[in-house]
Amino acid sequence: MSEAIKLGLFTYDVKNGLGLIGYNVDEHEHAHIIVETSKCNDCSHMMCVWGCPAQCYNFRDQGLEEMKFQYEDCVECGTCYIMCDQGAVSWNHPRGGFGITYSQG
Amino acid sequence: MDDETDFDVIIIGAGFAGAATAFQLLKEGIEGDRILIFDRGEPIGSKNLTGGILWGRELDDFEEFLGNWEMDCPGIERSINHKKVGFLSSEDALFVEGRFASWDGTGGTEEPSQRASWSVLRAKADAWMAEKMEEAGIFVMAGMKIDQLHIDGLDPGSYDARDLTDPAQDSGTGAAQKWKVDNLPKELVDKIRNGSICGIVQDGDVMTSKVVVIAEGTNSVLTRGYHFDSMLHAQSKDDMLLGVKEVIHLGKERIDERFNCFAGDDERPPSGMAMELALSLYRDMSHEAWEKYPNTKGLYPRCGGFFYTNRDTVSCGIIVQLKSLPEGLHTYDLYQAFKEQPAIAALIEGGEAIEYGGHLCPEYGLHRMPHRFARDGAVVVGDAAGLVFANGMQIQGMNNALHSGKLAGKAIAACIADGDVSAKALDATYTKSLKASYIFRDLKRFEPATKFLNDPANFTWVPELVGTTANRVFREIGEEKVTAEKVLFGVRKEMRAKNKANKKGMSLFRMLKLALLGRKL
């Protein structure tokens, strides 16, 4: 057990987890979160990346040069909006009836 | 009835806070067709997520609408009569376990009042509550998001609601984020911030009411945009916890057996177990992260683990203080480490995850509690107002949501009857009763406990010290025994020698200070 932690082997299969949730994805023009990714280049911490439980933010942690954001898998928790101190995240709830649909909650 | 407004009360959000407000208004004599409640979820409940345990029997007050809710509501899962708290390190687990026949179930009392906590799944519970609201004659509108309030004398077309929550163009870095609202003409900003609220705007159409109740939950866009002061906290990671959980299907019989639960009968719900844990699973992960991202060197994630039995599933997850998250660690991987800890892994063995999710939880504490719960024509209730009792290990929000909704319902009905729904009148009734209620008294009484449970020690060396000590005390190897105290100090010595941070953190002075705080639990 302690070996595994040392090797950094705790990797949650996010895509599998997200696959368990129902979504009604809205069109791109109605994306509920808009990220001005140009502002991310100067960010020293990428706390949105570490905080987001749905891996909607992919950046240097995935070996990418530029921030890649996608709203489709968002669980609407609001973490990114709180973590971002670069003024890059514009956050709102999706339009009524769109977005995540928990069946358990 | 006075019909100069479309409705008497418009409620935004059909969670527990919004529903309790609506039911209370009915009890106070407001007609169902004068109450409109919106929810952005379709079906209602589909946007909600909890850990979670509902404490207390707040729902009893709505028996006339809800009937036998503990048996009939599908999201009210099991009555908790079995509680565990403990410390979890990567190798050891130490639990303190209580089973209470008098809490219900196990051949004990049949007195319902003793059943005082339930595991809850909100998607199901909220959908059921919405049905009950409709049956009671309240207008319920699902799948509608409200992001603009109607302000007396202000043309709703004169600004875009989205501008109220966008980060400002000129936003600097650091905590001082400003909102675009600051960049609008001053007169407009004044009206948005201080004008009298008298309805909502949906797609440009105005719907008026005497009072608007904001019950949006933890991510309250409206309190941010319309300058209730919970917005000041909601944009800061200092006051927010993120919960990450899975609902894992095990089947009812397996849960009854594995957790030694009462299966339930015609009159009593099945019983269940609730477990809350301080986690120190992240030491090695953190060290690894610091090497790669030295910015946050020294920061360990402060995480609590929770594990609750539902009817045929379990809710398994962690709650992390966002300010304690170091760079390099993904929140979902923190959850994975919890899930794989041997003591937890054994509990979910053979289960299948059926849902994953994340949800924020406000943790303002008394000293950062918002003080603006009302404006002219509007009040805030539940999570949107930050009315959550959180002490690092235990989080109570749902009972507070229900209670604040009731207080709001009473106050609003009284203010409408008096013909005065100004902030002053609403503060004199709603805010005043809120501050006199158990919600605020709890926050006050347990402020030292909050300090204790937030102490970094509880997320680093305490679980290891307690775990290793217990490990040695409990192990009989047939040799001469030493007292637990001796073992404890022996373990302390080893831990201090092993690690520099421990050496400082585990000084006698620091340990004494922690113990003194711990008395206030």
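G15(B) counts as buried, with 32 C-beta neighbours inside 10 Å (the cut-off for buried is 20 or more other C-beta atoms within 10 Å, exposed means 12 or fewer, partly exposed is in between, and C-beta atoms are placed from the backbone). This is a predicted model, where local features need pLDDT of at least 70, side-chain atom pairs count only at pLDDT 80 or more, and totals for chains, interfaces and linings use all residues. Residues are numbered from 1 along each chain as its sequence is written, while chains are lettered from A and ligands numbered from 1 in the order in which they are written.

G15(B) sits in the loop between strand 1 (7–12) and helix 1 (16–27) of chain B; helices (H or I, at least four residues) and strands (E, at least two) are DSSP runs, numbered from the N terminus. Leaving aside residues up to four places away in sequence, G15(B) touches N48(B), D126(B), A215(B), G217(B), G382(B) and A401(B), a contact being two C-beta atoms, placed from the backbone, within 7 Å. N48(B) is 33 residues apart from G15(B) along the chain, yet their C-alpha atoms are separated by 7.8 Å.

R99(B), in strand 5 (residues 93–99) of chain B, is partly exposed, with 15 other C-beta atoms within 10 Å. Its C-alpha atom and that of W69(B), 30 residues apart along the chain, are separated by 24 Å.

As for domains, whose bounds come from an automatic or database assignment, the C-alpha centres of domain 2 and domain 3 of chain B lie 24 Å apart. Their contact takes seven residues from domain 2 of chain B and six residues from domain 3 of chain B.
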